[in-house]
Amino acid sequence: GREGIIPDISEQMCIGCALCVEICTTLGPDVLRVKPVEGWKRGKAFVFYPERCISDGACIGVCPTKSIFWMRPMNYTAGQPVPLHKNGIFIKGWAEDAAL
């Protein structure tokens with residue numbers, strides 16, 4: 001695997017609006033995709049091509065639900081989607097399994 005500073009996306013908060021996908025594709029990196037997730041009616045945004053991410057944070061700026069909290073160093077495998085962040089809320093770092 002490799003490490004890059006890439007978006008950390010909350011599964012709970014993402015509504016699948018695809019605004020992040022649109023801006024990332026328009027600007028050129030083309031990192032994100034919305035895809036179905038078991039147990040949710042709407043799809044969720046995923047870092048689908050982490051190796052393309054330029055860590056510009058444009059996706060954070062357009063997210064209406066703040067489900068993309070920050071860019072952080074994460075290990076990834078090129079060509080594989082990065083798992084979503086589950087059951088956490090962000091308070092100066094992730095508070096795991098906190099009541100939402």
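K66 belongs to the loop between α2, residues 58-62, and β4, residues 68-76, and its phi is near 55 degrees, a positive value in a residue other than glycine. Please keep in mind that this is a predicted model. Most residues other than glycine have a negative phi.

A second residue of this kind is A18, which is not a glycine either and yet has a positive phi of about 75 degrees. A18 lies in the loop between β1, residues 2-9, and α1, residues 19-27, and at 21% relative accessibility it is also partly exposed, because buried would require a value under 20%.

Now to the chain as a whole. Its secondary structure comes to two helices and six strands, and from the N terminus on these run β-α-β-β-α-β-β-β. Of the 100 residues in the chain, 40% are buried, while the accessible surface comes to about 5,700 Å², with 55% of that area belonging to carbon and sulfur atoms. Among the contacts with a separation of 6 or more, 62% are between residues 24 or more positions apart.

Which residues have the most contacts inside the largest nonpolar core? They are I6, I9, C20, L32 and V47, in a core of 21 residues. The elements giving two or more residues to this core are β1, α1, β3, which spans 44-47, and β4, and β4 gives the most, with four residues. If we take C20 and leave aside its neighbours within four places in sequence, we find C20 in contact with L32, A45, C59, V62 and I68.

A search of the whole structure finds one aromatic pair, formed by F48 and Y49, whose ring centres are 5.5 Å apart and whose planes stand at 70 degrees, so the pair is edge-to-face. F48 is partly exposed, at 24% relative accessibility, and Y49 is partly exposed as well, with a relative accessible area of 23%.

Two lysines are also placed over rings: the charged end of K35 sits over the ring of F46, 4.7 Å from its centre, and K44 lies over the face of W40, at 3.6 Å from the ring centre.

Key. Residues are numbered from 1 along each chain as its sequence is written. This is a predicted model: local features need pLDDT of at least 70, side-chain atom pairs count only at pLDDT 80 or more; totals for chains, interfaces and linings use all residues. Side-chain values use heavy atoms; hydrogens and water are left out. Buried means under 20% relative accessible area, exposed over 50%, partly exposed in between (1.4 Å probe, protein chains only). Contact means heavy atoms within 4.5 Å. Accessible areas come from the Shrake-Rupley method with a 1.4 Å probe; for residues, only the protein chains shown count as cover. A nonpolar core is a set of buried Ala, Val, Leu, Ile, Met, Phe, Trp, Tyr and Cys residues joined through side-chain atoms within 4.5 Å. Rings of Phe, Tyr and Trp (its six-membered ring) pair if their centres lie within 6.5 Å; planes under 30 degrees apart count as stacked, over 60 as edge-to-face and the rest as tilted. A charge sits over a ring if NZ of Lys or CZ of Arg is within 6 Å of the ring centre and within 35 degrees of the ring normal.
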